[in-house]
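Try each task before you read its solution.

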Amino acid sequence: MKEQILAVQRMQDYIESHLEESIGLSDLAGVSLFSPWYSHRLFQEQTGLTPARYIRRLRLAKAALRLKNEDVHIIDVAFDLGFGSVDSFTRAFYREFGMCPGEYAADPVPIPLFVPYGVKFRVLRKETFAMKTNNIFIQVIHKPARKVLCKRGVRAEHYFDYCAEVGCDVWGLLLSMDSLCGEPVSLWLPEQYKKPGTSTYVQGVEVSADYHGVIPEGFDAIELPEADYLMFQGEPFAEEDYCDAIAAVQQAMNGYAPAVIGYVWDDNNPRIQLEPRGSRGYIELRAVKHK
């Protein structure tokens, strides 16, 4: 992998871990190991944002989540995340999300949160690694009848095609929404849940069956019945090994015979993927029904 890519990744990692501190170009140059001028250029080339814009958008996303999930004062959020005044925070928040922080705290509607993607992962997914044998934890879980608010693609069968069709920014919007399982989900839809000319792979959030709240523009609400699922969870993994961690779990799932515990696969319900996080291992769920 090119040193320039790793340099930008180091800058991204530094920003993430020092977000509540003052971050200057000299700090980023110190971790990139290049000059401030070249570090700035590299960062913008690889992320599409200047370091200052990237930091500001990330801070605003963190601020929005705090306002949504915590009982906090706007002034505390503003100063904790490096804004010089409540006025400057309010102006930045409005430019980013089209509403004032107080409005959002009172009524946290879905908004497009900025989600930073590590630049090295665009390269890593194209490389092949030798994956060690992995232990896979399997558990039966029950999901109630529910709706999924989802954004459809066109022909996508997996994440990268979906991003190309819909854009990766949809995940930021989903993170601003409450989900029954505590986080957004990706799904592979059976034919009966697809519309003509739309994708198998979609992303969304699970909500209660009687949900009558906001449905973001361009989203659909799909009603799903209660169902049992087998949850396949791999071991924690280094973030750079995420492609192989996914492959290991999917290989184990494809080779598993649910009949040994009294089930058969239920392909009338969508397969579900959770966000790959190295700290917990990759998780995927496939529906089953009793024999």
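A crossing of helices is left-handed if the near helix is turned anticlockwise from the far one by less than a right angle, and right-handed if clockwise. The model is predicted, with pLDDT of at least 70 needed for local features and 80 or more for side-chain atom pairs, while totals for chains, interfaces and linings use all residues. Numbering starts from 1 along each chain as its sequence is written, and side-chain values use heavy atoms, leaving out hydrogens and water.

**Exercise 1.** Describe how α1 and α2 cross.

*Solution.* Start with the axes, which are lines fitted to C-alpha atoms over the stretch in contact, with angles from 0 to 180 degrees between N-to-C directions. Those of α1 (residues 3–17) and α2 (residues 25–32) come within 8 Å and cross at roughly 130 degrees. The two helices are therefore oblique to each other (under 35 degrees is roughly parallel, over 145 roughly antiparallel, 65 to 115 roughly perpendicular, the rest oblique). Next, the hand: α1 and α2 make a right-handed crossing. Finally, list the contact (heavy atoms within 4.5 Å): α1 brings Ala7, Arg10, Met11, Tyr14 and Ile15, and α2 brings Asp27, Leu28, Val31 and Ser32.

**Exercise 2.** Is Ser32 buried or exposed, and which residues does Ser32 touch?

*Solution.* First, Ser32 has 0% relative accessibility, so this residue counts as buried (under 20% relative accessible area; exposed is over 50%, partly exposed in between, with a 1.4 Å probe and protein chains only). Then, leaving aside residues up to four places away in sequence, Ser32 touches Ala7, Arg10, Met11 and Ser39. Lastly, a polar atom of the Ser32 side chain lies 3.2 Å from the backbone nitrogen of Phe34.

How values were computed: Helix = DSSP H or I, 4+ residues; strand = E, 2+ residues; numbered from the N terminus. Polar contact = N/O pair within 3.5 Å; in protein donor to acceptor, adjacent residues only side chain to side chain.
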